[in-house]
Amino acid sequence: MSRLIVVSNRVSVPKARGAAGSQGGLAVALGSALKERRGIWFGWSGKETDTFTGDLNMQKNEGVTTATIDLESQDVDEYYNGYANRTLWPLFHYRVDLAEYESGFGKGYERVNQRFADSLGPLIDPEDMVWVHDYHLMPLGSRLRERGNKNRIGFFLHIPWPPRNLLVALPFHERLVLTMLDYDLIGFQDEESVDSFLGYCRKELQAEVGEDGTVTYDGRTVKVAAFPIGLDYEEFLEGGTTGDARQMEQRMRSSSRHRKVIIGVDRLDYSKGLPERFDALGRFFDTYPDRVKQTLYVQIAPPSRQDVATYQRIRNTLEQKAGQINGERSEVDMVPIRYVNRGYSRQELFGIYRSAHVGLVTPLRDGMNLVAKEYVAAQDPEDPGVLVLSRFAGAAEQLTDALLINPHSMEEMSEAIREAIDMPLDERKARWEKLNEVIKTTNVEKWRADFVEALSA
């Protein structure tokens, strides 16, 4: 069996299942694959150095070998904070208005991808398979080819791929896509992203696009397909049996005072549609004033990328909106919104999800959104809550029995909240059973196995 080399911007060392703070999802799935195939996980250490040397820090944890490099502060500013998160991230989430185009960002992005290739290349044996992850490293496969690496190399994008008419706003967009055609397999979260990528190749490159999702250009053929990522379902359910999960569920139930709890769990990011969600909640309370004392909305929003101005602005906006809604509708012993800027462990989140009558997952655009799947998996089968899901999340392609809404419409979201709260038990159970079956069977191990099998083909 050939080795598997996994490459990502940051390396997440998997911990044993059941360990305190153990990860689910990506780290667990890739960790098991790396153990099975005696592979290596390569990426940035998260540390900065005065002068880039390319020296590798090799470690072995829980049976997984990791190899990391340090980057210069200029690399981090231009490649990570700059091109990856101020150019590609907003553009790929359809926020062309927020995308920043600076030549230094692009040069830093190319420089770091070249540094990754130069440090990683010597570790790759001729029979190894290489799996590159996410928007930080799209050109990496091409840089490895230039070094002479002829291995099977696959790429998976964890965020959406934008339509052609948005992507062409990116300077040198054609050069970026051409580097991606040096992969053997390109995976996306959903069929919409696949269609957008193939449409670009067809219209902008005049490439030959087959009905099976293959792109042939300049003598090379690459397979393009959707591989929707899932949960580590069993590990997540095991977390729900812990004392942390049960204690958090009890805390939520006792503090809610028998009110209907609506939960939102999102990283503090403009792609998550949080201002629009707060506006819809205000609309809900205005339309149904009798529900103010009967309903509690809990928004958990851990801050991220606090050194990027757009993230500072959204935090200020949400604090203002939460304060306004609470100020107008609170009593001395009751507030309708709890807005929390901190994270919780997966075990604690299980308890929070399970206590909530409605899960509100309303991104303006998302590659997948695993919160939607976690909320469903955490529900009590005998009394499940209702998932309200944006039709612009990748998860909407699979979770069709959720209440699908347009997150840009305050009225539609407000009415979906009311429908979810009032939904009869029989309908809630019927919807949950279908959703849970999808989440259980399309788990993260299936995602990993399907991608690796396709890359091996």
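**Exercise 1. Determine where E319 and R315 lie, how many residues apart they are, and how their side chains meet.**

Step 1. E319 and R315 both belong to helix α11 (residues 309-329), where they are four residues apart, about one turn of the helix; helices here are DSSP runs of H or I with at least four residues, strands are runs of E with at least two, and both are numbered from the N terminus.

Step 2. The side chains of this pair meet in a salt bridge at 3.4 Å, N to O, the term meaning a side-chain nitrogen of Lys or Arg within 4 Å of a carboxyl oxygen of Asp or Glu.

Step 3. E319 counts as partly exposed at 38% relative accessibility, and R315 counts as partly exposed at 25% (buried is under 20% relative accessible area, exposed is over 50%, and partly exposed is in between, with a 1.4 Å probe and protein chains only).

The model is predicted, so that local features need pLDDT of at least 70 and side-chain atom pairs count only at pLDDT 80 or more, whereas totals for chains, interfaces and linings use all residues. Residues are numbered from 1 along each chain as its sequence is written, and side-chain values use heavy atoms, with hydrogens and water left out.

**Exercise 2. Identify which parts the salt bridge between R152 and D184 ties together.**

Step 1. The closest N and O atoms of R152 and D184 are 3.7 Å apart.

Step 2. Because R152 lies in strand β6 (residues 152-156) and D184 in the loop between α6 (173-180) and β7 (185-188), the pair ties together parts that are 32 residues apart in sequence.

Step 3. R152 counts as partly exposed, at 31% relative accessibility, whereas D184 is buried, with a relative accessible area of 13%.

**Exercise 3. Decide whether E328 and R329, which meet in a salt bridge, are buried or exposed.**

Step 1. The N to O distance in the salt bridge between the side chains of E328 and R329 is 3.4 Å.

Step 2. E328 counts as exposed at 55% relative accessibility, while R329, at 14%, counts as buried.

Step 3. Elsewhere, salt bridges that share partners join E72, D75, E78, R111 and R115 into one network, and the total count comes to 40 salt bridges.

**Exercise 4. Locate R38 and D134, which have a positive phi although neither is a glycine.**

Step 1. R38, with a phi of about 55°, is found in the loop between α1 (25-37) and β2 (40-49), and counts as exposed at 54% relative accessibility.

Step 2. D134, with a phi of about 80°, is found in the loop between β5 (129-133) and α4 (140-146), and is buried, with a relative accessible area of 13%.
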